[in-house]
Each structure stands twice: as structure tokens, then as C-alpha cells.
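Reader: I'd like to talk through the pockets and the helix packing in this one before I set anything up. Could you take me through it?

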Amino acid sequence: MDFVLLIKAAIMGVVEGLTEFIPVSSTGHLILAASLLNMPGEKIKLFEVVIQTGAIMAIISLYAGKLWDTLVGLPREAVAQRFTANVLIGFFPAALAGFLFIDFIKGVLFQPLVVALGFIVGGVVILWAEWLQKRGSRVHIEAVDQVRWTDALKVGLVQCTALVPGVSRSGATIIGAMLLGFNRKAATEFSFFLAIPMLFGAAAYDLYKNRDLLSMSDVPLFAVGLLFSWLSAWVCVRWLLRFVANHTFVAFAWYRIAFGALILLTATLGWVDWVA
């Protein structure tokens, strides 16, 4: 295996881990990173999806206690049963929409203008959500165990918008939850838990669909990407939980708007192939 390629895989893993759980769209950043690192091709697209599971392992390791208590209590405890049902309810709409429309999404929506608009509109929505919170909009969910199935379904429906490139899965779920009455911490944590079935499912589906692209020689590439995705996501999630305790998401909103403008500029000048 080419050592330079492993370095590139590590960089891609870090980009994935640092952007997966903050509301800035990991997909957009991975496209830019792959272009700058000169990593084109269908195998790299599959690599970008698979290394998301490294980021999910960070969530599993950080919330191992919560997940284990839920698993053990599932047969008899109402809290564990409600939590599990809410995650599955929130997962289902986007999973179904992705399964039905994935070819349309990849064939039609992966265009520079769509990606840029996803970033910019998402940034504006974050500013709106924070403005509502500042005005004192009613918060009625302060912990994930307070989520009702109707809340989970609504967040799941909002998560469908993240199928549009540039919107950001974490951004859609966190800000959507805030607009539905979650506080920032509860919205952020529920977004984390929704990511577990969503990203594992996407990786498993893409691996199965594109299994003919892979060989044993690809194991080091994927292993390095997964490892660095996990490490960087672990650091990022711990930082994000501290951040949301005392800060708003306004800085992310302006970053998204600036990044959307960058997409338009680089696409217009031909510097980055945002469809690749």
C-alpha cells in the first residue's frame, strides 16, 4: 500500500470526524478534501461513506453507559423501550427516502449550485432558530429521555432534508429539534443517537452495493480512514458538548454561508469538481 495514500486516508478520516457531528455538512468537506488531495473515483466515494462508521464508533464509546443500560433494560424498562423506539422512529423516514431516491439524489442533486444553496440556506435557518431561542421560544425537552414518539417522528422527517447535498444531517436534526422545542444539548445528543442507525445503514448498503470495487489490498486504506475518523470524532464530540452548554450555533451559521459562497466561487472558476 502506498504510504502517501495512507496519509491521505488519515486526512480524510480527520475531516470526516471533525465535521460529521457539527452542523456544517461532512459531505461537502469530504468532496473538497478529496479534490484537494487528488483522490477521485468510485472507490473513494465508497471510502467516504464507510469511514462515517468510525465517527459513529466515537459516539458508541462516549455513550457506552447509556447504550448498555438501554440494551439491558430493553425487555422490561419503559425508558429504555421508549428511547429505542424514538431512535428507530426518527431513523425510518430518512432511511426510506434515501432508499427510494438515492439514484435521483446522486444523479441530479449533486450539483455545485445545489450544494452551495444547501450550505447557505442551512446557515440562514440556523440564524433563524437561534433568533427564536433568544426571543425565549418555549423549550419543553431538556433531555433525550423526555422525547415523545411524535417529537422523534418530526425530527426524522426534518432529517430527510439532509439527503440534499450540503444541508448536513447533524445540522438538519439539531436545528430541526431546536425548532421543535428541544434545548441545544438535548437536540445535539438526539442527533448523535439518530446517527448510529443512519450512518451504519448507509455504510452497509454502500458496501454491499459496491462490493465488487473492493479487494484485500484496500484494507489498510479503509482501516486508517476509520481509525482517524474515530479519533477526531471522539475529540470533536467531547468539545461540542462543552460548546453547546455555553454557546449558540451562530458561528456555524456564518461559516456555512461563507462555505457556500466558496463552493460557488471554486465551481465557477473550475478549481473543485463538486460532482466528483
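This is a predicted model: local features need pLDDT of at least 70, side-chain atom pairs count only at pLDDT 80 or more; totals for chains, interfaces and linings use all residues.

Reader: Fine, pockets then. What volume does the largest pocket have?

Author: The volume of the largest pocket comes to about 1,200 Å³. Its lining is made of 41 residues, and those that lie nearest the centre are Val49, Ile102, Lys106, Phe110 and Ala202.

Reader: And which helix gives the most to that lining?

Author: That is α6, which gives eight residues to the lining of the largest pocket. The elements that each supply at least two residues there are α2 (26–36), α3, α6 (78–109), α9 (169–179) and α10 (184–209).

Reader: How many of the lining residues are nonpolar, polar and charged?

Author: For the largest pocket, the lining divides into 22 nonpolar, 11 polar and eight charged residues.

Reader: OK, and the second largest pocket, what volume and which residues line it?

Author: The second largest pocket has a volume of about 230 Å³, and its lining consists of Leu67, Thr70, Leu71, Leu74, Phe83, Thr84, Val87, Leu88, Phe193, Ile196 and Pro197. Two or more of these residues come from each of α5 (64–73), α6 and α10, with α6 giving the largest share, four residues.

Reader: Switching to helix packing. How do α4 and α10 run relative to each other, roughly parallel or roughly antiparallel?

Author: The axes of α4 and α10 come within 9 Å and cross at roughly 150°, and the two helices are therefore roughly antiparallel, since angles over 145 degrees count as such. The crossing of α4 past α10 is left-handed.

Reader: Which residues meet there?

Author: On the α4 side they are Gln52, Thr53, Ile56, Met57, Ile59 and Ile60, and these meet Phe192, Ala195, Ile196, Leu199, Phe200 and Ala203 of α10. By class, this contact of α4 with α10 is made up of 10 nonpolar and two polar residues, with no charged ones.

Reader: Now α3 and α4, what's the geometry?

Author: Helix α3 covers residues 42–50 and helix α4 covers residues 52–62, and their axes come within 4 Å and cross at roughly 5°. That angle makes α3 roughly parallel to α4. From α3 the contact involves Glu48, Val49 and Val50, and from α4 it involves Gln52, Thr53 and Gly54. Two of the residues in this contact of α3 with α4 are nonpolar, three are polar and one is charged.

Reader: Last one: at what angle do α3 and α11 pack, and is the crossing left-handed or right-handed?

Author: Helix α11 (residues 219–246) packs with α3 at an angle of about 35°, and their axes are 10 Å apart; the crossing of α3 and α11 is right-handed. Lys43, Leu46, Phe47 and Val50 of α3 make the contact with Leu221, Phe222, Gly225 and Leu226 of α11. In this contact of α3 with α11 there are six nonpolar residues, one polar residue and one charged residue.

Notes. Residues are numbered from 1 along each chain as its sequence is written. Side-chain values use heavy atoms; hydrogens and water are left out. Axes are lines fitted to C-alpha atoms, for helices over the stretch in contact, and angles run from 0 to 180 degrees between N-to-C directions. Angles under 35 degrees count as roughly parallel, over 145 as roughly antiparallel, 65 to 115 as roughly perpendicular and the rest as oblique. Contact means heavy atoms within 4.5 Å. Ala, Val, Leu, Ile, Met, Phe, Trp, Tyr, Cys and Pro count as nonpolar, Asp, Glu, Lys and Arg as charged, and the others, Gly among them, as polar. On a 1 Å grid over the protein atoms alone, a cavity is a set of points where a 1.4 Å probe fits but cannot get out, and a pocket is an open set with protein on both sides within 12 Å along at least five of seven lines; lining residues have an atom within 4 Å of a point. Grid points are joined across faces, edges and corners, and a volume is the space filled by probe spheres set on the points. A crossing is left-handed if the near helix is turned anticlockwise from the far one by less than a right angle, and right-handed if clockwise.
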